[in-house]
Amino acid sequence: MMDGVSQPSPIRVPRRAVLIGAGSAAALVTAGCNPFSTTKTTRTVTATAPPPVDPMTNLIATTQLHLLRIESAVARGGTLAKTLTPLRDDRRKHLDALRKELARTSPDAAAATSAPATGTVPIPTETASVLAVIRDDAGNAQVQFTDATSTVSRYRARLLASIAGCLATHRTVLG
Amino acid sequence: MTAPSPTPSPQLSESSPAASGSPAPSAVATLAPTTAPATSLDKTAAAAMQVALASENSAVWAYSLVAAFDPDNADTASDMRDAHMVRRDDASERLTVAKVKPNAAAPAYKLPKPVTDAKSARALAMTIESDNAAAWLGVVGSTDDSALRSYALAGLTDAAVRLTTWKKIAKVNPLTVPFPGQQGSD
C-alpha cells in the first residue's frame, strides 16, 4: 500500500541542453582547452612577416659589381679587352634595362640605385685567373636571375629570363 | 607558321605539305625534363606553349638541312637536333597532360633564305636558335606558374647557348646578344 507520501518528480533537463553542453565540452577538449585547468594560458602571437624584398635592387647591385670587375679587366687592354668588351657592353645594357624597369615601378628605389658605378674592384694579375673570376661572376649572376624569374611579374620575368640566358652565353664564351 | 601573341614571329614558316618528309623521331634524349608538367594551362600559356612546340618542330626539321650543307659541323648539328627533339617531345607531353592537343608538325617549312652552302646553313642554324629563344621567352612571359617559367627558361637558355656556339663556328661577332629571345636583340 502506498504510504501517501508523494515522490518528488525528477528534474527534467531538456535533451537539447544536454546535447549543447556535451558538444561544448567536446569542442573544448578537442581544442586542447581544459575549463578546469589551473595552469596559466599561453597566448601565441604570430609575428608579422617582413615585407617581401624586391629582387631588383639586389640584381642591380650584383650587375654593378660585376660590371666594375669587367671594366677593370678591359682597362688592362690586350686579350682581356678583346674578349671582355662585348660582354661588358651586354652587362651595361642589362644594368640600364634593370634600372629602367625599377624606375617604372619604384621611382624612389630607382633613384637610390641610379648612381653610376664608380671605383675599382681588385682583380687577379693572371689573365686566366681574371677570366675565371668573371666566369664565376656570370655563373653566380645567372643563378640569381634564374631564381628571381620565378617570383616576379610576367613582364619582369621576361626581362630577367632573357638576362639569365645571356649570362649563360657569357659562361660559354669564357669557356 | 604564324606566331600568336605574345611571342614574336619566328622566321621559319610552314610550307605547303608534300614538300618533303619530316624526320623520324629519335630515341636519343639529351635533356631531361626539369619539372613535372602542370595538369592545366590557361589559354595564354597554352598558346605560348604551342608556339614553342612549333619552334621545336621547325628546328628538328631544319637541322637536318644544316647537317647536310655543313658536313664539318654535322655532329654539332646532329646533337642540337637531338636536343630539340627531346624538348619537342617534352613540350608535346606537357600540353597533353594539360589536356591541350599539341599541334602537329608541318611536313616542311619555308626557309627565310635558301640554304646552298655551309655559310648559309650556319646562318639558318642561327635563325633557328634565335626563333627558339623567342618562343621560350614567350612562354616565360605567358604564365605565373613558376615551374613552367623555370622549364621555359631552360629552353631559352639552351637556345641562347646554341646560338653562341653557331656564332663561334661562323666567326660572327659579337658572340653574344644582350637579351636573347627579345626582338631586335640579335
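Tutor: Start at Leu156(B). Set aside its neighbours within four places in sequence. Leu156(B) is then in contact with two residues of chain A, Ala161(A) and Gly165(A). In chain B, Leu156(B) touches Ala133(B), Trp136(B), Leu137(B), Val140(B), Pro180(B) and Gly181(B). Keep in mind that this is a predicted model.

Now see what surrounds Leu156(B). Together with Trp136(B), Leu156(B) has the most contacts inside the largest nonpolar core. That core has 81 residues. Both chains supply it. From chain A, helix H2 (55–74), H3, helix H5 (127–149) and H6 each give two or more residues.

Helix H3 of chain B runs over 118–140, and helix H4 of chain B over 146–170. The axes of H3(B) and H4(B) are 8 Å apart, and the packing angle is about 160 degrees. Angles over 145 degrees count as roughly antiparallel. H3(B) and H4(B) are therefore roughly antiparallel to each other. Their crossing is left-handed. The contact of H3(B) with H4(B) has 17 nonpolar, 3 polar and 5 charged residues.

Now cross to the other chain. In all, 24 residues of chain B are in contact with 21 residues of chain A. H3(B) and H4(B) each supply at least two residues of the side of chain B that touches chain A. H4(B) gives the most to that side, with 10 residues. By class, that side of chain B has 13 nonpolar, 9 polar and 2 charged residues.

Finish inside chain A. Look at helix H3 (residues 78–105) and helix H6 (residues 154–174) of chain A. The axes of H3(A) and H6(A) come within 11 Å and cross at roughly 165 degrees. H3(A) and H6(A) are therefore roughly antiparallel to each other. H3(A) passes H6(A) in a left-handed crossing. On the H3(A) side, the residues that meet H6(A) are Leu87(A), Asp90(A), His94(A), Ala97(A) and Glu101(A). On the H6(A) side, they are Arg156(A), Leu159(A), Ile163(A), Cys166(A), His170(A) and Val173(A). This contact of H3(A) with H6(A) has 6 nonpolar, 2 polar and 3 charged residues.

Key:
Residues numbered from 1 in each chain as written. Chains lettered and ligands numbered in written order. Predicted model: local features only at pLDDT ≥ 70, side-chain atom pairs only at ≥ 80, totals over all residues. Contact = placed C-beta atoms within 7 Å. Helix = DSSP H or I, 4+ residues; strand = E, 2+ residues; numbered from the N terminus. Nonpolar A, V, L, I, M, F, W, Y, C, P; charged D, E, K, R; others polar. Axes fitted to C-alpha atoms, helices over the stretch in contact; angles between N-to-C directions. Parallel < 35°, antiparallel > 145°, perpendicular 65-115°, else oblique. Left-handed = near helix turned anticlockwise from the far one by under 90°. Core = buried A, V, L, I, M, F, W, Y, C linked by C-beta atoms within 7 Å. Buried ≥ 20, exposed ≤ 12 C-beta atoms within 10 Å, placed from the backbone.
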